[in-house]
Amino acid sequence: MLKIDQLELGPIQTNCYIISDDQKNCLIFDPGEESAKIEAVVKKKNLKPLAILLTHAHFDHIGAVDDIRERYTVPVYLHHLEKDWLNRPNLNGSGKYPSLPDYRMKDADVLLIDEKTLEIGSFKMDIFHTPGHSPGSVSYSFGKEGFAIVGDVIFRGSIGRTDLIDGSEKRLLQSIEESILPLPEHMILYPGHGPETTPAQELNSNPFLKAFKQ
């Protein structure tokens with residue numbers, strides 16, 4: 001059985017998830033900032049990171065990528081449509097805010113292109129390309145474990161913003177309809193911000209999804 005540690009990191013409290021197995025191997029999703037907090041969990045639980053996986057490359061999800069990558073010598077996975085975003089502030093959004101430094105990370109090590117499934121060590125997941133919030137947004141589903149990491153595609157009672165580079169509300173709603181809502185109705189969805197939810201809960205109460213209710 002997989003274990004999940006959730007950390008709220010950085011200036012807008014982005015959720016970072018550390019998923020670990022019985023052998024103490026782990027995957028780190030969206031290390032947005034404050035690498036010391038991530039390292040503290042890894043050390044306390046005696047975990048061995050295998051990879052960093054990004055749901056997308058907005059600045060609030062990538063701030064600790066290089067620190068964690070170099071600390072544990074692990075690869076970074078990112079969708080190929082955002083391959084240039086890690087080191088370009090005008091794309092990752094940090095350049096939009098004068099109060100923020102320019103976020104410039106090294107290139108991803110592995111670019112996701114047509115993968116439908118991904119295996120890293122004992123971890124097996126389905127990959128869904130879920131654009132709309134950003135062009136390369138990806139959701140990772142651990143079907144047998146009953147949860148998915150969905151980034152900023154959908155939140156409890158809301159959906160991701162679409163006013164950033166290459167955002168599209170139409171595409172986002174299409175991604176939700178085609179990839180998120182068909183998941184098991186009680187699967188736990190872990191978003192990039194805020195508390196977890198389920199497809200059933202969002203279909204029943206999310207005001208942005210009224211058109212999808214039967």
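Guide: Buried means under 20% relative accessible area, exposed means over 50%, and partly exposed lies in between, with a 1.4 Å probe and protein chains only. This is a predicted model, where local features need pLDDT of at least 70, side-chain atom pairs count only at pLDDT 80 or more, and totals for chains, interfaces and linings use all residues. Residues are numbered from 1 along each chain as its sequence is written, and side-chain values use heavy atoms, leaving out hydrogens and water.

Visitor: Why is Arg69 called buried?

Guide: Its relative accessible area is 9%, and the cut-off is under 20%, so Arg69 counts as buried.

Visitor: Where does Arg69 lie?

Guide: In helix H2, residues 65-72; helices here are DSSP runs of H or I with at least four residues, strands are E runs of at least two, and both are numbered from the N terminus.

Visitor: What does the side chain of Arg69 reach?

Guide: The backbone oxygen of Asp107, at 2.7 Å. Contacts of Arg69 beyond four places in sequence include Ile52, Val74 and Asp109, contact being heavy atoms within 4.5 Å.

Visitor: How do you know that the buried residues of H2 line one face?

Guide: They are Val65, Asp66, Ile68, Arg69 and Tyr72. Seen down the axis of H2, they fall within an arc of 165 degrees, so they line one face of the helix; the arc is taken from the directions from the helix axis to the C-beta atoms.

Visitor: And what makes Asn92 count as buried?

Guide: Asn92 has 0% relative accessibility, so it counts as buried. Asn92 is found in helix H3, residues 89-92.

Conventions
Polar contact = N/O pair within 3.5 Å; in protein donor to acceptor, adjacent residues only side chain to side chain.
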